[in-house]
Structures are given as structure tokens and as C-alpha cells.
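Hi everyone, thanks for coming. Have a look at the sequence and the model while I talk.

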Amino acid sequence: MKKWIIRKPDSAVVNALLKESDLTPLCAEVLSSRGIKNINEAAAAVQTEELQDPFLLRDMAEAVSVINLAVEKFVPICIYGDYDCDGITSTVMLYSYLECMGADVTYYIPERDEGYGMNCDSIRKLAQHGVKLIITVDNGISAVKEAELIKELGMKLIITDHHQPGASLPEAEAVIDPHRRDCPSPYKNLCGAGVVLKLIAAMEGGSYETAMEQFGDLAALGTVADVVRLDGENRYIVKNGLRLIENTEKAGLVSLIEKSGLKGKKLTSHSIGFMLAPRINAAGRFGSPYLAAKLMLSEDQDESDQLAQELDTLNNLRKNAESDIICEIEKMICEDPSITLKRVLVISGKNWHHGIIGIVASRLMERFLKPCIIITEEGEFSRGSARGCPGFSVFKCLEYCEELLEKFGGHTGAGGFTVKTSRLKGLDNKIQEYARRIHAIMPTVEITADKQLMPQDITAENIDGLKLLEPFGEGCQQPVFAIAGAAIIDIIPLSGGVHTKLKLNLGGK
């Protein structure tokens with residue numbers, strides 16, 4: 001069972017906020033329960049911060065200089081992207097901008113089978129095709145070995161990334177990453193598309209007008225899809241980008257919105273995260289990321305409609321494959337219920353699609369309320385994807401098992417690895433050993449409610465007033481409320497039992 005934490009707003013803070021603003025009572029209570037102490041903090045939490053000078057990012061000036069010279073001399077440039085939504089939108093943004101500048105530019109997005117980031121085989125192929133400048137987007141910060149090869153092959157490299165750097169940076173003409181220890185830019189939470197937006201603004205002399213007008217929609221799409229914190233500059237990008245998406249003239253986005261069933265509806269961060277982004281990600285999981293990139297670059301509505309249909313089909317394949325794996329796991333658990341008694345759920349199967357085992361791990365973590373690792377056996381080697389709950393570090397767990405793994409990576413909440421199939425039983429034992437040593441009592445999955453809802457709180461004005469907190473996302477969650485002591489009067493199945501409608505009685509209301 002999930003542990004409920006119900007916050008209590010500070011009545012003195014709420015009264016002060018109501019006196020000094022036009023906030024609705026429920027909105028003021030939510031802000032208070034989230035730690036807001038005064039009107040200035042409330043304003044900072046809900047207002048969108050203007051984007052700062054792009055040249056505050058370390059190496060931005062050097063990158064602009066190298067790119068401008070390459071465009072001027074018609075040097076062959078390749079944008080090196082990534083196969084997820086953030087990587088695809090970043091690739092399309094920079095490719096489109098440089099193409100409009102008259103550059104000799106192409107793009108390369110690795111297939112999921114090639115793995116994340118740059119690889120030496122693709123670099124050699126780019127060199128054979130005459131590429132002289134590689135610009136990474138949403139990857140590259142850890143490509144030390146690949147950067148050495150690029151230099152050996154006589155090419156130049158510019159890195160734009162937002163992931164954490166290692167002990168040493170790759171050798172390049174410029175390395176733009178807000179997480180560089182020596183980067184003076186105060187805002188650190190950009191995704192890959194956000195960094196590219198700033199690079200385009202820097203190419204425009206520091207003005208965001210063209211960058212936002214032409215690419216703010218794609219930047220918002222990448223920002224929400226990559227689940228970075230929606231504070232500060234990211235709030236600005238998403239809030240303004242949502243308006244641009246609603247009014248977009250990009251044929252690809254128009255088709256994708258229609259195919260997602262969102263035509264004519266108000267778009268929110270939820271629309272992006274649960275309707276648009278999964279269809280773009282499906283290309284990298286079940287087809288080719290080039291399909292999504294081609295859609296985003298399409299200027300023909302008929303072509304866009306066809307490509308959007310293909311993405312929708314791939315997304316349905318993803319859903320079906322996910323359902324099949326979960327059904328197979330449910331059968332395993334039925335036959336051996338002891339699987340669920342382990343501190344960490346570790347389940348493997350043969351030839352499960354490696355592109356969706358992370359999604360399956362998330363689903364099972366939510367169901368069984370414990371860290372979950374799903375492994376697909378692919379012959380001699382197996383690949384795994386892990387999801388953890390708050391308090392349990394996936395990365396530290398994998399680090400503890402390092403001697404058994406071929407390679408691994410990740411962070412506190414999620415990670416991935418490759419392991420020899422012959423070592424799977426030993427790996428499971430090592431994972432359980434880590435959980436026992438580090439956690440005498442395993443962490444519990446929690447639900448945090450902003451407050452306990454009372455009958456008098458449920459008014460149209462209060463509900464409407466919560467819109468001030470949008471856009472919702474990581475770091476600015478949609479409000480959650482607890483209702484205690486309500487009686488269920490009626491249970492009404494909707495959509496053939498897919499959804500359920502409840503009628504409740506709370507204090508006679």
C-alpha cells in the first residue's frame with residue numbers, strides 16, 4: 001500500500017497571500033503547503049522567468065564563431081542527435097536553422113540498437129562522407145574516446161548537451177553544457193532542445209525573437225518530453241511554446257496533433273507528455289527515429305498525415321508489446337508468487353523488446369510499490385532497465401553490482417545495463433544483497449497530497465484558480481488532494497470499463 005502524506009497549509013501564510021494578491025483560496029493553500037512563505041516567493045513560483053543571455057553558457061561564443069565560419073565556407077556539417085523526443089526535436093531545430101542559413105548541413109540520429117550517444121563506427125562513416133564539423137545535440141558530454149577519433153580523422157567537434165559531465169571533458173572546439181563545473185550560466189535545468197534554442201539565439205546575436213518564433217514549439221515539446229524541472233527558464237519555454245504549438249503552421253505538428261486526437265483542444269504539458277511525445281518516441285523504439293525527424297521537417301500536409309499515421313501505428317505496436325510483456329510477467333507471478341516477495345523485483349524473459357522494458361519496469365514499480373528491474377535475454381548477453389522509488393538509488397545499486405555488469409549507467413531513479421546472460425542469477429542475488437545491506441526497511445512509495453479537501457473547497461472559482469500554477473510537470477506537479485470520510489454512492493464504468501466515474505457524498509455534499 002502506498003504511504004499517504006497530507007500536507008497542511010499555514011493559515012497565516014494563506015491569509016497574507018490572499019490579502020496581497022488575487023489568488024483564489026485553494027491556490028494560496030497549495031502554494032503554502034509547498035513551502036511558499038510570502039508573496040515574493042509565490043510570484044517566483046508561478047511567473048515565467050525571461051531567458052537569460054545565451055552567451056552566459058561556457059563556450060557559446062566559440063561555438064558561434066566556428067559554426068559561422070563553417071556556414072560561410074560551405075563546410076559539410078552534421079548534426080549528431082539522439083533517438084528520443086528531446087534528441088529528435090533538438091536535431092530538427094538546429095538542422096532547420098542551419099539549412100535556412102544556407103549551410104551544407106545534414107543530420108545523423110543513431111538507431112536504438114546502436115546505443116545512446118556517439119559511436120566510433122558512425123563517426124568513421126561520417127568522415128567517409130566528407131563531414132568536417134560534427135555538432136552534437138542532447139549527447140556528447142561523455143564522448144571522450146569518440147572526440148579523440150574525430151580529431152584523428154581531421155574533423156572538428158562542437159558538443160551541446162545537458163547531461164552530467166564526467167571527470168574530464170571531451171576535446172572539442174566548444175563544449176556547451178550548463179552542468180559544466182566552470183559554466184557561469186545560472187540556470188542549469190535545460191534539456192537538449194533548450195540548449196539548442198540558446199545556441200540559435202546566440203547565432204542571432206543573443207536575441208531570442210527568431211529562435212522562439214521559429215522553434216519555441218519544438219523546444220517546449222522536447223522540454224516536457226525529457227521530464228526536466230519546469231521551473232525558471234523551462235517554464236518560459238513551455239508556457240510560450242504551448243501557445244506556439246496550438247497555433248503552429250508546421251505541417252508535421254499539425255498532423256501529429258490531429259492524429260493524437262487533440263485538434264481543437266487546449267494543449268497542456270499533459271497533452272505533450274502523454275499524447276504527442278509517446279508517438280515521437282515510438283519511432284525510436286519500434287521503427288527509426290528518422291521517421292519522426294522527417295515528420296517534424298515535412299512541409300507537405302499529405303506527406304505529414306501519412307507519417308503521423310505511421311507514428312500512430314508504431315505507438316500502438318508499442319502499447320501492444322508492453323501489454324504482452326506485462327501479461328507474460330503476470331503469468332510468471334501466478335506460477336511463482338514468491339517473485340513479488342523480493343526486496344527488489346527482478347524479472348527476465350527471452351527477447352522482450354529492449355525499447356520498452358523501461359516502460360514495463362515503471363508500470364510494475366507502480367503496481368508492486370518496490371524497485372523493479374526488467375531484463376531481456378538476447379542470447380549471450382542480456383539488457384536490463386531499472387526503475388527505483390524515492391529513497392532507493394538505482395545508480396548506487398548498479399554500481400554495487402559493477403563487477404557482474406558489462407556496462408551500466410543511470411541516475412537515482414532509473415538506469416540501464418548490459419550483462420552476460422550466464423550471470424543473471426548472480427546479478428539477482430547481488431541486487432537483493434545490496435537492498436538488504438543498505439535498507440533495513442525498504443523505502444515506501446508515497447503519494448503527497450497538497451491538502452485535505454473539504455466540501456466548501458469544491459467551487460468552480462477554486463478549480464479555475466489552479467490554472468495559475470500551469471504548466472505542470474517535474475518540479476511543479478499538478479495539485480493532488482485527499483478526500484477523507486467520503487461515502488461512495490455510485491460506481492459508473494466508462495468506455496467499457498477502461499475508466500470509472502464515482503459519485504461521492506462528503507458532509508452531505
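Predicted model: local features only at pLDDT ≥ 70, side-chain atom pairs only at ≥ 80, totals over all residues.

Residues are numbered from 1 along each chain as its sequence is written, and side-chain values use heavy atoms, leaving out hydrogens and water.

Okay, cores. A nonpolar core is a set of buried Ala, Val, Leu, Ile, Met, Phe, Trp, Tyr and Cys residues joined through side-chain atoms within 4.5 Å. Buried means under 20% relative accessible area, exposed over 50%, and partly exposed in between, with a 1.4 Å probe and protein chains only. The largest core has 79 residues, and Ile77, Ile79 and Leu98 touch the most other members. Helix α8 (residues 192-203) gives the most to this core, 9 residues; helices here are DSSP runs of H or I, at least four residues, strands are E runs of at least two, and both are numbered from the N terminus. There's also a second, separate core of 21 residues, including Ile329 and Ile374.

Next, helix α15. Why does its length make sense? It has 12 residues, so at 1.5 Å a residue it should span 16 Å, and its end C-alpha atoms are 16 Å apart, which agrees. (The expected span is 1.5 Å times one less than the number of residues.) Its buried residues include Ile357 and Met365.

Last, Leu504: it sits in strand β16 and, at 39% relative accessibility, counts as partly exposed.
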